[in-house]
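Thanks for making the time. I will go through one structure today and keep to what can be read from the coordinates.

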Amino acid sequence: MNKSLMFNNMIEWVMFMNKSAKAMKNGFISAILVTAAYFCMAHTKVIADAVSEAVQRCLLTVIPSLYAMMIVSALLVRSGITGCMPNFLSRLTRLFFGLDGTSAAIFSMSIFAGYPVGTSMLLSEYESGRLNARRTELLCGLCFGAGPAFIFGCISGKLYSSPTAGMIILISTAVANIIGLLLMSPWLRRDIPEDTAKKKVTLTADMLTDCMISSGRSMAVICFSVVAFAVISAFFQMAGISGSVGKILSWISGMDSGTGSRIFAVFLDITNVSGLPVNDYSLLPYICGATSFGGVCVLFQLSALVRGRISILPLVAVRVVMAAVSGMVCRVVMPIFMRYELISASAVRGRICREGSAVPSVMLVIMTLMVIAGCEKAKKVP
């Protein structure tokens with residue numbers, strides 16, 4: 001009788017704890033939403049400025065650097081080109097990295113294609129049944145890169161007077177991914193999928209249209225995420241969180257607290273990199289780490305892209321480690337590449353430049369919407 005009573009009490013206690021946990025979670029979420037609503041109503045000018053700046057970054061930076069590459073990468077997957085790696089290269093990638101030919105091609109492309117491209121291509125392989133969930137989760141953490149268009153056009157082109165900085169960032173992030181692949185190769189070798197027969201490469205107008213539509217929808221998710229995180233960054237700044245983190249970074253690294261706050265904003269959203277001090281080469285290791293990590297905003301974008309099909313936690317864990325590795329690689333290669341850049345590194349040269357126009361990006365968005373609307377209308381016609 002006593003045992004039965006104790007058992008019932010334990011069940012009631014567990015049920016009470018579960019209800020309490022759910023109530024605390026709901027209360028926490030409600031508090032965040034109420035605080036966000038109050039912030040948006042009480043600081044409309046700050047919100048308007050943050051959204052306006054984020055929209056400009058999307059039109060001038062994100063869309064020009066990512067949209068075309070996303071279409072091309074989608075075409076490469078759907079046309080079957082990624083499955084046409086020569087047999088001898090496939091054997092080498094299996095031996096050294098534990099990757100089949102298709103995964104090796106995706107890994108190589110992800111370094112140069114932009115953040116969401118590698119994950120998008122791996123999800124296509126996962127949905128087709130060629131990759132299992134565990135392997136897809138691990139590879140999503142490795143097939144991850146900003147791409148040269150973003151690095152040179154949006155980071156080194158805006159912050160530094162020499163393209164050498166962009167080369168350092170690109171090499172540091174790529175080498176970090178390769179090191180991560182070598183470290184994870186023992187796990188990847190355990191379940192290497194068999195190379196399927198070579199696919200027939202096909203490319204049609206319908207395929208191009210479908211890739212344009214899917215890439216346009218992905219770009220919409222990315223741009224809306226950038227705008228949302230611009231508001232979050234503004235909230236952190238108003239609440240003093242950015243300033244506190246800046247002081248902590250200043251105490252750890254010796255940089256001034258204002259720069260530390262900007263570094264924190266970059267780790268929230270990598271497109272905030274344009275707000276860093278110009279021609280400050282001492283910040284390159286931090287920029288490499290942030291570029292390799294991608295920022296919280298990019299991780300949310302990938303979470304929206306994944307939509308619960310696989311877990312995103314392995315990706316986050318791998319990117320945190322790769323950010324540290326990228327920063328260390330940057331410190332190693334900087335003396336080599338900066339040997340002949342002493343003059344430009346020590347002297348800040350003023351430049352008079354004209355900002356890029358947002359008109360091409362706006363026209364591109366309009367044309368994409370027209371294509372999507374036309375395809376939806378065609379589908380409804382019997």
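Predicted model: local features only at pLDDT ≥ 70, side-chain atom pairs only at ≥ 80, totals over all residues.

The protein has 16 helices and zero strands. Of its 382 residues, 44% are buried. As for contacts, take those between residues at least 6 apart in sequence: 79% of them join residues at least 24 apart.

Now the core. The largest nonpolar core contains 92 residues. Helix α2, residues 44–79, gives the most to this core, with 14 residues. Which residues have the most contacts inside the core? They are Tyr-160, Met-219, Leu-284 and Ile-287. Take Met-219 as an example. If we leave aside neighbours within four places in sequence, Met-219 is in contact with Val-62, Ile-63, Leu-66, Tyr-67 and Met-70.

Tyr-160 brings us to the aromatic rings. A pair of aromatic rings is described by the distance of the centres and the angle of the planes. The structure holds five aromatic pairs. In one of them, the ring centres of Tyr-160 and Tyr-281 are 4.7 Å apart and the planes are at 50°, so this pair is tilted. Where do the two tyrosines sit? Tyr-160 is in the loop between α7 (148–159) and α8 (164–188), while Tyr-281 is in the loop between α11 (257–268) and α12 (284–293). The pair therefore ties together parts that are 121 residues apart in sequence. Both Tyr-160 and Tyr-281 are buried.

Another tilted pair is formed by Phe-267 and Phe-293, at 6.2 Å centre to centre and 40° between the planes. Phe-267 belongs to helix α11 and Phe-293 to helix α12, 26 residues apart, and the pair links distant parts of the chain.

Next, helix α6, residues 133–142. This helix is mostly covered, with eight of its 10 residues buried. Those buried residues are Arg-135, Thr-136, Glu-137, Leu-138, Leu-139, Cys-140, Gly-141 and Leu-142. What do they pack against? The partners are α4 (101–113), α5 (115–127), α8 and α14 (313–337). At the N-terminal end, α6 is capped by Asn-132, with a side-chain oxygen 3.4 Å from the backbone nitrogen of Arg-134.

Let me take α14 from that list of partners. The axes of α6 and α14 are 8 Å apart, and the two helices pack at an angle of about 35°. Their crossing is right-handed. On the α6 side, Glu-137, Cys-140, Gly-141 and Leu-142 take part; on the α14 side, they meet Pro-314, Leu-315, Val-318 and Arg-319.

Asp-100 is found in the loop between α3 (87–96) and α4. With 5% relative accessibility, Asp-100 counts as buried. Asp-100 and Leu-188 are 88 residues apart along the chain, and their C-alpha atoms are separated by 9.8 Å.

That is what I had for today.

How values were computed. Residues numbered from 1 in each chain as written. Heavy atoms only, no water. Phe/Tyr/Trp six-rings, centres within 6.5 Å; stacked < 30°, edge-to-face > 60°. Helix = DSSP H or I, 4+ residues; strand = E, 2+ residues; numbered from the N terminus. Buried < 20%, exposed > 50% of the residue type's maximum accessible area, 1.4 Å probe, protein only. Contact = heavy atoms within 4.5 Å. Polar contact = N/O pair within 3.5 Å; in protein donor to acceptor, adjacent residues only side chain to side chain. Core = buried A, V, L, I, M, F, W, Y, C linked by side-chain atoms within 4.5 Å. Axes fitted to C-alpha atoms, helices over the stretch in contact; angles between N-to-C directions. Left-handed = near helix turned anticlockwise from the far one by under 90°.
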